[in-house]
Amino acid sequence: MRLTLRQLEACLLGGPETPEARDRVVAAVRTDSRAVGRDDVFFCLSGERFDGHEFAAQAVAQGALAVVAGRPLPEITQVPVLVVRDTVAALGRLGRFLRDRTRAKVVCVTGTAGKTTVKEMLAHVAGQRFSVAKNYKNWNNQIGLPQSIFAASGEEDVWVLEAGISKPHDMDELGPIVAPDLAVIHNIGPAHLEGLGDLRGVARAKASLLKYLRPGGTALVSRDYPLLLEAALALAPEAVTFSAQDPAAPFFCSFEGPAGQDSGRYLLRTPQGEVRTVLPFCGAHFAENVAAVAAAAHHLGISGAETVQALASFQRPDQRFCCLTGAGWTLIDDSYNANPLSMTRAVEAARALAGDRPLVLVLGAMGELGPDAAAAHEDMGRFLKTVDPARVLFQGSYAEDVARGYGRNGSPAPVTAVDGTEAMLAAWRRLELSGGVILVKGSRSARMELHVAALARELGCSPQGGSGA
């Protein structure tokens, strides 16, 4: 969005407008000094392992128009240094300042699993009729969200933004920035429990987005999660619900089975009627996504029929259940991240896609589960046994817990611990299977994308259905 240095100073410092000499336009807002170019503004952020103030001079040398800092920088005299108490909070204030200047209808999506996919789906659907801006990839936190807002022109019809949280206070910082006209709370599951405590804590934290709805705004909430629905209705009694389980919901979608290698059959029901369709993704978790998207699209004036027509050309974000094929195998790259909810959904979808063919699960440890992490992985092992995979190759420190939950069913053990890509490939080759489905999924810390790349090379894979990997 167009922002002058004078406006930036007024927003962050609260003072009077500065002289015309400082009415230069800000080209971009940067938090990485390496990316700073001419007329950018550099925000000095500090963390446990870095201090952005140490790179302010470098940013100025690269052409920064101004620096926003948490302390005085007397060594910098060439450009204004705007000193604020908290540079992250200042970035948020700038985001809200810009949000208040847009003409767009602002949609915000949050949830435990699938929020980036829902955001991308909705932006794709809305984009068939409206001009749309959205977060860049998953820039959904206190740093990425304001930068995504700045990147918009402000003249779009619709903004589709996502908010990601891991601590109780996060939504109280993100909600005021985005101030949505339409809030979509997609689902909840046991994720980020180190910060959010338990499932009830997750529900409260996600639902708290509704405190920041604009006057006259609409809340859309899944009715498939009782704790979430309870927390949401306490804040927004008039919330509209969607579901992938309850056909009585105003917006309902069900998965009716695979339709080829990388597609599924879906039934969508909205207040305007019922549509049966084939869409370029497969699994019950995508039905939940479609229900949420249809509900939001309806409130943007887009019918259910228009929604599924647009979704027929949807391409999934990278590393989110993207399918590749080669040597008789379908390789599913779902390596972006994992928690118990998303892991269960992905495995169920992979099993449906495999049908009677062998299913190999290349899985990584799930992070940020707090003191119950071992128990959560043991529960995962019990679940994995119900889908009867040909083998589970597990990367990470909870392999024994997964194996304990799975139990032994003959020899060799159905869960094989692997340490690194070469060990995974060696275990994979020992299976001597001629074809089937491989799912690769784990938390970001497990670096599962390395396993995807190795298996893709091994199988000579190519993208399927245009989804990419």
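## Largest pocket

Helix α10 gives the largest share of the lining of the largest pocket, with four residues. The structure is a predicted model. Two or more lining residues come from each of α4 (115-126), α8 (199-207), α10 (284-299) and α12 (340-354).

The volume of the largest pocket is about 1200 Å³. Its lining comprises 48 residues, and those that lie nearest the centre are Lys115, His192, Tyr336, Asn337 and Arg444. By class, the lining of the largest pocket contains 23 polar, 13 nonpolar and 12 charged residues.

## Second largest pocket

The second largest pocket has a volume of about 290 Å³. It is lined by 15 residues, with Thr31, Asp32, Leu45, Phe50 and Ile143 the closest to its centre. Seven of the residues in this lining are polar, six are nonpolar and two are charged.

## Nine-stranded sheet

An open sheet of mixed pairing is formed by nine strands, in the order β6-β7-β5-β8-β9-β10-β11-β12-β13. At its edges stand β6 (132-134) and β13 (273-279), each of which pairs on one side only. On average, neighbouring strands of this sheet are turned by 15° against each other, direction ignored.

Within the sheet, β10 (residues 240-243) and β11 (residues 251-258) run parallel and are joined by two bridges. Ser243 stands opposite Phe252 in β11.

## Helices across the sheet

Helix α4 lies across β5 (105-110), β6 and β7 (158-162), and runs at about 170° to β7. Helix α4 also supplies at least two residues of the lining of the largest pocket.

Note on methods. Residues are numbered from 1 along each chain as its sequence is written. This is a predicted model: local features need pLDDT of at least 70, side-chain atom pairs count only at pLDDT 80 or more; totals for chains, interfaces and linings use all residues. Side-chain values use heavy atoms; hydrogens and water are left out. On a 1 Å grid over the protein atoms alone, a cavity is a set of points where a 1.4 Å probe fits but cannot get out, and a pocket is an open set with protein on both sides within 12 Å along at least five of seven lines; lining residues have an atom within 4 Å of a point. Grid points are joined across faces, edges and corners, and a volume is the space filled by probe spheres set on the points. Ala, Val, Leu, Ile, Met, Phe, Trp, Tyr, Cys and Pro count as nonpolar, Asp, Glu, Lys and Arg as charged, and the others, Gly among them, as polar. Two strands pair if DSSP finds at least two bridges between them. Axes are lines fitted to C-alpha atoms, for helices over the stretch in contact, and angles run from 0 to 180 degrees between N-to-C directions. Contact means heavy atoms within 4.5 Å.
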